[in-house]
Amino acid sequence: MKERLKRSLRAAKIAPSSDSILVMMKWVLAGNGSIQGNRDSRVTRRGVQPPSAGTSKDRGTEPGGRETRTGRRSRRAHSGRATPAAEAELESIDGSPTPKRRKVAAPRGKKDAGLHLRLFSGTPDLAGIQPCLPPARLHSWDYHRPLLLSGRSGSEGRRRLLSWFDSASTTRGMPWRSPWIDPGRLDAADLRPLLERRAYEVWISEIMLQQTRVAVVVDYWKRWMARWPTIHDLAGADADDVLAAWRGLGYYSRATRIYQAAKLVVQDPDMRGLLPSAADELAARVPGVGRYTAGAISSIVFGRAEPMVDGNVLRVLSRQLGIHGNIKSDKSVIDIIWAAADALVKTVSQHDEGPEADHNVLERDSEAVPLSDRPGRWGQALMELGSTVCTPKPDCPSCPITSTCRVYAEGSAMASNKTNDAATVADMEDLCGLCSPLGGQETDGTKCRHALNSYP
DNA sequence: ATCCTGTCAG
DNA sequence: CTGACAGGAT
């Protein structure tokens with residue numbers, strides 16, 4: 001019945017005016033899936049052969065797919081031969097590393113900047129705002145202030161998510177997850193090669209994980225590292241060998257970029273084999289590394305407070321903030337979630353845990369940058385939560401941070417039938433512009449299971 | 001804003 | 001069979 005209703009609602013695209021029951025049902029059921037699964041689930045079955053001829057012109061176009069970390073689909077395991085297109089690509093690239101296009105940080109509108117400041121700057125905030133419910137769901141922008149960011153419940157939630165990650169999941173045989181290298185405890189001479197290697201390891205793993213399930217990546221990663229233990233080894237490798245090592249993973253342009261980037265990083269007088277530690281620099285200078293991967297490397301390897309937001313984190317945070325917008329296509333929604341993730345990781349980095357914690361400070365531009373393993377653990381905790389608990393069909397009872405989750409609160413309120421609809425928005429200026437008008441159209445959405453259960 | 005790639009859910 | 005999905009590049 002739920003399914004039927006859902007389907008017909010979708011098919012009909014629901015008219016705004018339809019009766020409130022339908023609208024409500026649609027809202028409740030809106031959380032269809034998007035990203036799914038755990039990175040580990042399913043065993044791969046045989047792999048598919050890499051595609052043959054590239055349809056587009058070589059010129060190394062781009063790769064794409066993924067599924068990954070999060071687990072959605074898996075991918076092929078097998079080994080196949082490389083595609084002609086891939087070979088051509090690799091050859092063409094072999095010689096000259098091309099500088100990466102400079103990424104121009106999208107100048108965000110002042111309006112957005114102001115909004116982000118308002119929502120994420122550390123003012124006290126009254127988190128007592130009532131959950132807003134359909135059909136109207138009227139609420140102000142302030143409704144989206146992350147509860148995780150402030151107050152006692154916020155710090156409690158942050159602590160719980162971190163310890164959930166530390167205890168439960170972690171390290172499930174993922175060899176690239178190794179203890180953080182504390183720069184404060186080593187001589188500079190010892191530190192450099194360690195960081196170089198770790199950055200290289202995490203980088204390779206992240207790229208592989210963008211397209212393949214963990215279980216499959218483990219093998220490839222181990223073989224890769226055995227063959228080229230350092231980025232210098234990779235830079236000196238033969239192009240064909242690199243391709244051969246990637247064979248079976250598909251998306252050969254990624255292998256191409258890695259190879260190209262390795263040469264570039266090794267040759268660059270500034271880097272000399274060590275990837276940049278700043279996320280913006282990583283994204284700007286390393287081919288194949290975008291916003292997400294840059295944040296992952298910067299925080300996991302270098303301990304910086306940089307956000308890493310993948311599809312899972314978009315879902316987790318959109319629920320935490322109660323944003324019922326399209327997390328896949330609405331840029332303002334995506335931007336605000338990145339801004340929230342940024343504020344969160346900075347808070348975690350500076351204020352949470354670790355009584356001492358201030359020594360690891362890197363002087364940089366007369367600015368002290370706190371370094372610790374917390375940013376990396378935090379970011380991975382969010383991703384892990386999104387891939388195992390806060391999935392498209394969430395398992396709210398297992399979630400360590402329901403107490404700061406707006407959507408959970410909304411689901412609970414609806415389940416207990418509080419047909420609340422008392423709009424409490426002071427003035428129109430404050431009306432949230434992120435959420436879809438009738439709670440419709442959003443891809444994220446999503447109520448918690450217990451809410452679903454109470455609405456047959 | 002759109003394409004790329006390969007897989008699996010529908 | 002088709003479409004959705006994923007991070008990056010263009």
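Residues are numbered from 1 along each chain as its sequence is written, and chains are lettered from A and ligands numbered from 1 in the order in which they are written. In this predicted model local features need pLDDT of at least 70, side-chain atom pairs count only at pLDDT 80 or more, and totals for chains, interfaces and linings use all residues, while side-chain values use heavy atoms, with hydrogens and water left out.

Chain A contains 17 helices and two strands, assigned as DSSP runs numbered from the N terminus (helices H or I, at least four residues; strands E, at least two). Of its 456 residues, 55% count as buried, where buried means under 20% relative accessible area, exposed over 50% and partly exposed in between (1.4 Å probe, protein chains only). The chain exposes about 20400 Å², with carbon and sulfur atoms supplying 54% of that area; accessible areas come from the Shrake-Rupley method with a 1.4 Å probe, and for residues only the protein chains shown count as cover. Contact is defined as heavy atoms within 4.5 Å. Among contacts in chain A between residues at least 6 apart in sequence, 78% join residues at least 24 apart.

Helices α5 (residues 151-167) and α15 (residues 374-388) have axes that come within 9 Å and cross at roughly 80°. Axes are lines fitted to C-alpha atoms, for helices over the stretch in contact, and angles run from 0 to 180 degrees between N-to-C directions. The two helices α5 and α15 are therefore roughly perpendicular to each other (angles under 35 degrees count as roughly parallel, over 145 as roughly antiparallel, 65 to 115 as roughly perpendicular and the rest as oblique). On the α5 side the contact involves R158, L161, L162, W164, F165 and D166, which meet R374, R377, W378, Q380, A381, L382, E384, L385 and T388 of α15. By class, this contact of α5 with α15 has eight nonpolar, two polar and five charged residues; Ala, Val, Leu, Ile, Met, Phe, Trp, Tyr, Cys and Pro count as nonpolar, Asp, Glu, Lys and Arg as charged, and the others, Gly among them, as polar.

D166, in helix α5, is partly exposed at a relative accessible area of 35%. The side chains of D166 and R377 are joined by a polar contact of 2.4 Å. A polar contact is a pair of N or O atoms within 3.5 Å; within protein, one must be able to donate a hydrogen and the other to accept it, and residues adjacent in sequence count only if both atoms are side-chain atoms. D166 and K393 are 227 residues apart along the chain, and their C-alpha atoms are separated by 23 Å.

Helix α12 (residues 291-300) is mostly covered, with nine of its 10 residues buried. The buried residues are Y292, T293, A294, G295, A296, I297, S298, S299 and I300. They pack against α6 (188-209), α11, α14 (331-351) and α15.

Leaving aside neighbours within four places in sequence, S349 is in contact with A305, P370, R374 and P375. H351 and S155 lie 196 residues apart in sequence and 8.9 Å apart in space, C-alpha to C-alpha.

The loop between α4 and α5 holds H144, which counts as buried at 0% relative accessibility. Apart from neighbours within four places in sequence, H144 is in contact with L119, F120, H139, L321, G322, I323, C432, L434 and C435. A polar atom of the H144 side chain lies 2.6 Å from the backbone oxygen of L321. The C-alpha atoms of H144 and A340, 196 residues apart along the chain, are separated by 9.5 Å. R145, in the loop between α4 (110-120) and α5, is buried, with a relative accessible area of 6%. A polar atom of the R145 side chain lies 3.0 Å from the backbone oxygen of R118.

Positive phi values occur at Y251 and R272, neither of which is a glycine. Y251 has a phi of about 50° and sits in the loop between α9 (239-246) and α10 (252-267), where Y251 is partly exposed, with a relative accessible area of 29%. R272 has a phi of about 45° and is placed in the loop between α10 and α11 (279-285); R272 is partly exposed, with a relative accessible area of 46%.
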